[in-house]
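Subject: Model for your reading, with notes

Dear colleague,

I am passing on the structure that we spoke about, and my notes on it follow directly below.

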Amino acid sequence: MSTITADTALAPAGARPAERMKRAARRWRYASNVGAAILSVVLVVWTLTPLYNMVMVAFTAEGDVFSDHLWPPNASADSFWIVLTQGYWYLEYFWHQFGNSVFIGAMVTLLVLTIGSMTSFSVMRMRIRNGWVITNAALLTYVIPASFLAIPFYLIMQHYGLHNNPWSVIAAIVTFATPYAIFIFQEYGRSIPLELDESARIDGASPIQIYFRIYLPLMVPALVAVGTFALLAAWNEYLYQFLLLSNKQSMTVPVALAQFLNSDVAPWNYMMATAIIYALPPIATYYAFRNRMSSGLTMGGVKG
Amino acid sequence: MTTVSAIEFGGPAVRRQSLWRYWRGGLRGSEFTWALAFLVPYIGVFVAFVAYPVFYGLWMGSKPSLYAEVFSDPIYQQTVVNTIVFVAFGVNLKLFFALLLSGFFMRPGWWVKALLMIFVLPWAVPELPGFISIHWMLNGEWGLLNNALYQFFGIDGPSWLNSRWLALGSAVCSHVWRWLPFWTVILLAGRMSIPTEIYDAAKVDGATGLRRFAHVSFPLLANLYLVLTLLATIFLLGNFNTVYFITGGGPANSTHLLATLGIRDAFDLANPRLGVAVVMSALPLLIPLVIILIRRIKNAEVQL
């Protein structure tokens, strides 16, 4: 207020306060833009350095891995070719192991979506009595660190004779991913009016018809978000795959990678090429479903 | 008499029916069966892969003499300190930077959006390839980090993974690198859910910059921030991959966390009970955290 009156009163004398304020604001905006630019550079370097390292080592030629350089002197894509053609004794089952990873990822996604949607349908839509017990059990599972259950889980799988069987890993990942699915489905389901189910029920639809014809079609956005999450969770999982899959035929790519790491002569360029090839499908999935995923993370939630 | 008996005749019959429906959650017979059938898969998963392993683990770790053995192990004592340091720094650095960066990413402009796309890359890349790359990057002799330090600044970098605290610090940084995008995206969604009218009102009242953050944004985000802190603490207590791949527990078993030490005792030392006891020693900290978290989630309806 005072600046405005001063402005009108003292017109010409030097820099007028309003102009001074404008200049201060411009200076402030300039400083904050410079700050943002510096922060952006720092963020880009911080984010990309480990990834750059991965690419750089993968493009390094056989003999140059143990030398000082920031970009390989004789860059070549040979290591990618060797991985793809399984041309190194460590990689002889690469495609088989990649197939195992895909199989586990696909089955986990399918089971998480099926079990999660069925459970939330029963609890939230059919409103079965004492459904909260199930919700709480799921919540409790969500907050138990998976690594803490690994030892008894491993021994139990030995009892069941499921060692080296991909289904043991699928069971483990489904166990720890389904609770998240149940929450997202419950939260998302709140936005679908219960009257839809009611009217279908009055028209004589059976629960299974309501589930397939009304519930699932309306839940598609949540199903996509959770499906992406489950697929990435399966692709990321290491501990259970490492414990439960130990022979070369049954193991998955991460387990093979880690075996590489622990061997005496680790061929780092092949390892990094394998790592990049393994990382490409989730990156593609992630960017394809990015918006769906982040809305899934916060779907109905973050009301805090 | 007759009228009373008529009422009595009608009364219990009605009540019995309503009680019956009450117990069945208001569902008719066949519908109740369907609702239960929809729950069977999750109940099966929970009983076979959560309840059974939990009780098996509790039984395995129930002998008091195990704990005497665990607590007298000098590696275990170091591990407890490591876990506390790792969790304290990991959680707070991650969430503090996530809070600041989520504010940064609220800025308008296409290049901030482009930066966000790059920034989320570590989260899109599976954990294992990223960590293996960092592991090699931190190699004292041939790693990218020390090469860069030497070429740009003429500094001979230390061998990052050969001393306890440097190695643990590297593990914390790697963890922050991998998970910062995830928490930033969540907090960003939390900020976006704050209605802009509130900011407009604050602007009219003269609150900008730091004051706007202190009096408007943060109070609205505080509950979310607290829930995320609890969740991150619980997740980090059971973290396995970071230390396993960055330091491998070395040098000389001095950087183990509870989860990695548990797996080492169970499988490398072939003593599963000892491993379970190591992991179970986290329960006095884990259980209160879980109880507080579940209460918070229920009250605040914040869901992840």
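Throughout these notes, two residues are in contact if their C-beta atoms, placed from the backbone, lie within 7 Å. This is a predicted model, in which local features need pLDDT of at least 70 and side-chain atom pairs count only at pLDDT 80 or more, while totals for chains, interfaces and linings use all residues. Residues are numbered from 1 along each chain as its sequence is written, and chains are lettered from A and ligands numbered from 1 in the order in which they are written.

I begin with chain A. Its secondary structure consists of 14 helices and 0 strands, where helices (H or I, at least four residues) and strands (E, at least two) are DSSP runs numbered from the N terminus. The radius of gyration of chain A, taken over C-alpha atoms, is 28 Å, well over the 19 Å that the globule rule gives for 304 residues, so chain A is more spread out than a compact globule; the rule in question is 2.2 Å times the number of residues to the power 0.38. Along its principal axes, the C-alpha trace of chain A spans about 90 × 75 × 30 Å.

The domain assignment, whose bounds come from an automatic or database source, divides chain A into domain 1 (2–58) and domain 2 (84–298). The centres of these two domains, taken over C-alpha atoms, are separated by 45 Å, and 4 residues of domain 1 of chain A are in contact with 6 residues of domain 2 of chain A. On the domain 1 side of that contact, the residues comprise 4 nonpolar, no polar and no charged, with Ala, Val, Leu, Ile, Met, Phe, Trp, Tyr, Cys and Pro counted as nonpolar, Asp, Glu, Lys and Arg as charged, and the others, Gly among them, as polar.

As to the interior, 43% of the 304 residues in chain A are buried, against a scale on which a residue is buried if 20 or more other C-beta atoms lie within 10 Å of its own, exposed if 12 or fewer, and partly exposed in between. A nonpolar core is here a set of buried Ala, Val, Leu, Ile, Met, Phe, Trp, Tyr and Cys residues joined through C-beta atoms within 7 Å. The largest such core has 159 residues, and those that touch the most other members include A:V108, A:I173 and A:V226; the largest share of this core, 15 residues, is supplied by helix α7 (residues 166–189) of chain A. Leaving aside neighbours within four places in sequence, A:I173 is in contact with A:V108, A:A233, A:A234, A:E237 and A:Y240.

Between the chains, the contact takes 75 residues from chain A and 77 residues from chain B. Helix α2 (residues 17–58) of chain A provides the largest share of the chain A side, 12 residues, and by class that side has 54 nonpolar, 16 polar and 5 charged residues. Elsewhere, the axes of helix α6 (residues 150–160) of chain A and helix α14 (residues 272–280) of chain B come within 9 Å and cross at roughly 145°, the axes being lines fitted to C-alpha atoms, for helices over the stretch in contact, with angles running from 0 to 180 degrees between N-to-C directions. A:I151, A:P152 and A:L155 meet B:P272, B:G275 and B:V276 there, which gives 5 nonpolar, 1 polar and no charged residues.

Chain B has 15 helices and 0 strands, and buried residues make up 39% of its 304 residues. In helix α11 (residues 209–237) of chain B lies B:A232, which counts as buried because it has 20 C-beta neighbours inside 10 Å. Apart from neighbours within four places in sequence, B:A232 is in contact with B:V91, B:K94 and B:L95, and its C-alpha atom is separated by 8.6 Å from that of B:V87, 145 residues apart along the chain.

Three further places in chain B deserve a look. Helix α10 (residues 196–204) of chain B is hardly covered, with 0 buried residues among its 9, and α10(B) is followed by B:G206, whose phi is positive, near 90°. B:N253, in the loop between α12 (241–246) and α13 (258–268) of chain B, has a positive phi near 60° although it is a residue other than glycine, and it is partly exposed, with 18 other C-beta atoms within 10 Å. B:A270, in the loop between α13 and α14 of chain B, likewise is not a glycine and has a positive phi of about 50°; B:A270 is exposed, with 9 other C-beta atoms within 10 Å.

With best regards
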